[in-house]
Amino acid sequence: LDVPVGEVRASPFCRTVDTAELAFGRATAEDGLLTPTPDTEGRATQALRELLSTVPEDGANTVLVGHLTNLRLLSTASPDEGGTVVF
């Protein structure tokens, strides 16, 4: 579809890095996309907020490959397993 892709960041879990690399050919591990625990939920929410509010370079889009748990911290989106949400 010729959608321009800039940075590709993924949770450091093997399955998310593998997914990003298979889909986009590359990935940078991003601790801010780790699944939060009760002890880290506040920090995880802040980290995800920062990732989502960072404006990508002109003419590119940032791809974040993470976990449904992260997504539920900041939105009502609930995609199926392997789904996509565009912000």
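Modeller: Buried residues make up 22% of the 87 residues in the chain. Buried means under 20% relative accessible area, exposed means over 50%, and partly exposed lies in between (1.4 Å probe, protein chains only). This is a predicted model, so local features need pLDDT of at least 70 and side-chain atom pairs count only at pLDDT 80 or more, while totals for chains, interfaces and linings use all residues. Residues are numbered from 1 along each chain as its sequence is written, and side-chain values use heavy atoms, with hydrogens and water left out.

The chain has 3 helices and 3 strands. From the N terminus, they run β-α-β-α-β-α. Helices (H or I, at least four residues) and strands (E, at least two) are DSSP runs, numbered from the N terminus. The C-alpha atoms fill a box of roughly 40 × 25 × 25 Å along the principal axes. Of the contacts with a separation of 6 or more, 47% join residues 24 or more positions apart. Contact means heavy atoms within 4.5 Å.

In soluble globular proteins, nonpolar side chains tend to be buried together. Here the largest nonpolar core has 6 residues: Val8, Ala10, Val17, Ala20, Val63 and Val65. Two or more residues come from each of β1 (5-10), α1 (14-24) and β3 (61-65). A nonpolar core is a set of buried Ala, Val, Leu, Ile, Met, Phe, Trp, Tyr and Cys residues joined through side-chain atoms within 4.5 Å.

Take α1. Its buried residues are Thr16, Val17 and Ala20. The arc is that of the directions from the helix axis to the C-beta atoms. These buried residues pack against β1 and β3. The face turned away carries the exposed residues Cys14, Arg15 and Leu22. Leaving out residues up to four places away in sequence, Val17 touches Ala10, Ser11, Pro12 and Ala27.

Glu21 also sits in α1. Its relative accessibility is 39%, so Glu21 counts as partly exposed. Beyond its neighbours within four places, Glu21 is in contact with Arg26 and Ala27. Just after the helix, Gly25 takes a positive phi of about 80°.

Helix α2 also has a buried side. Its 13 residues (41-53) should span 18 Å at 1.5 Å a residue, and its end C-alpha atoms are 18 Å apart, which agrees. The expected span is 1.5 Å times one less than the number of residues. Ala44, Thr45, Leu48 and Leu51 are buried in α2. Their arc is only 125° around the axis, which puts them on the same side of α2. An α-helix has 3.6 residues a turn, so residues three or four places apart point the same way. The buried residues of α2 pack against β1, β3 and α3 (68-74). Gly42, Arg43 and Ser53 are exposed on the face turned away from that buried side.

Ser11 lies in the loop between β1 and α1. His67 lies in the loop between β3 and α3. Ser11 is buried, with a relative accessible area of 0%. His67 is buried too, at 12%. A polar contact of 2.8 Å joins their side chains. A polar contact is a pair of N or O atoms within 3.5 Å; within protein, one must be able to donate a hydrogen and the other to accept it, and residues adjacent in sequence count only if both atoms are side-chain atoms.

Now their surroundings, again without residues up to four places away. Ser11 touches Thr16, Val17, Glu30, Leu33, Leu34, Val65, Gly66 and His67. His67 is in contact with Ser11, Phe13, Arg15, Thr16, Leu33, Leu34 and Thr35. The C-alpha atoms of His67 and Leu34 are 7.6 Å apart, across 33 residues of chain.
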